[in-house]
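Let's walk through this fold together, strand by strand. Have the viewer open and follow along.

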Amino acid sequence: MSTQEKNSILSVRGLSKVYKDADASKTILADVSLEVAEREFLCILGPSGCGKTTLLRCVAGFEDYEGEVLVDGAPAREPGIDRVMVFQDFNQLFPWKTVPWPRCAWRAAATTTPASFPAA
């Protein structure tokens, strides 16, 4: 086992995903491999329909796939408490609960509230 593999918190090896129906099949991911080490930041970019969300759904355990997904060295074939997925469309998450933008931005950037914002 290499040093990279020992320090990986996420390993994806040879992951492939094919959607099938009665008449046809479509390959969405083919032989995807990646390693993410502790304290690394991974950004997945690509055009619509290229498989970004499908890859995340496989890692989260929401999709079946060919290949291997390891989280902290353990196989991850179904959802678990060691992973979380935030949906692309936040309207799925309590759309009636909103926070005014300036207040939200300030809360994310500082620990104190300026006098111009009401107390939380």
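Leu10 has Val36 in β2 as its bridge partner. Two strands count as paired here if DSSP finds at least two bridges between them. A hairpin of four residues carries the chain from β1 to β2. Before going on, please note that this is a predicted model, in which local features need pLDDT of at least 70 and side-chain atom pairs count only at pLDDT 80 or more, while totals for chains, interfaces and linings use all residues. Residues are numbered from 1 along each chain as its sequence is written, and side-chain values use heavy atoms, with hydrogens and water left out.

Now zoom out to the sheet. Its four strands are ordered β2-β1-β3-β4, the pairing is antiparallel, and the sheet is open. β2 and β4 (74-75) sit at the edges with a single partner strand each, so one side of each has no neighbour in the sheet. Strand β3 (residues 66-71) pairs with β4 in the antiparallel sense over two bridges, and Leu70 stands opposite Pro75 in β4. Helix α2 (residues 52-60) packs on this sheet and touches β1, β2 and β3, where contact means heavy atoms within 4.5 Å. The direction of α2 makes about 115 degrees with that of β1; axes are lines fitted to C-alpha atoms, for helices over the stretch in contact, and angles run from 0 to 180 degrees between N-to-C directions.

Is Lys17 buried or exposed? Lys17 is buried, with a relative accessible area of 5%; buried means under 20%, exposed over 50% and partly exposed in between, using a 1.4 Å probe and protein chains only. Leaving aside residues up to four places away in sequence, Lys17 touches Lys26, Thr27, Ile28, Leu29, Thr54, Glu63 and Asp64.

Finally, the whole chain. Three helices and four strands make up its secondary structure, in the sequence pattern α-β-β-α-β-β-α. Helices (H or I, at least four residues) and strands (E, at least two) are DSSP runs, numbered from the N terminus. Of the 120 residues in the protein chain, 22% are buried. Among contacts between residues at least 6 apart in sequence, 42% join residues at least 24 apart.
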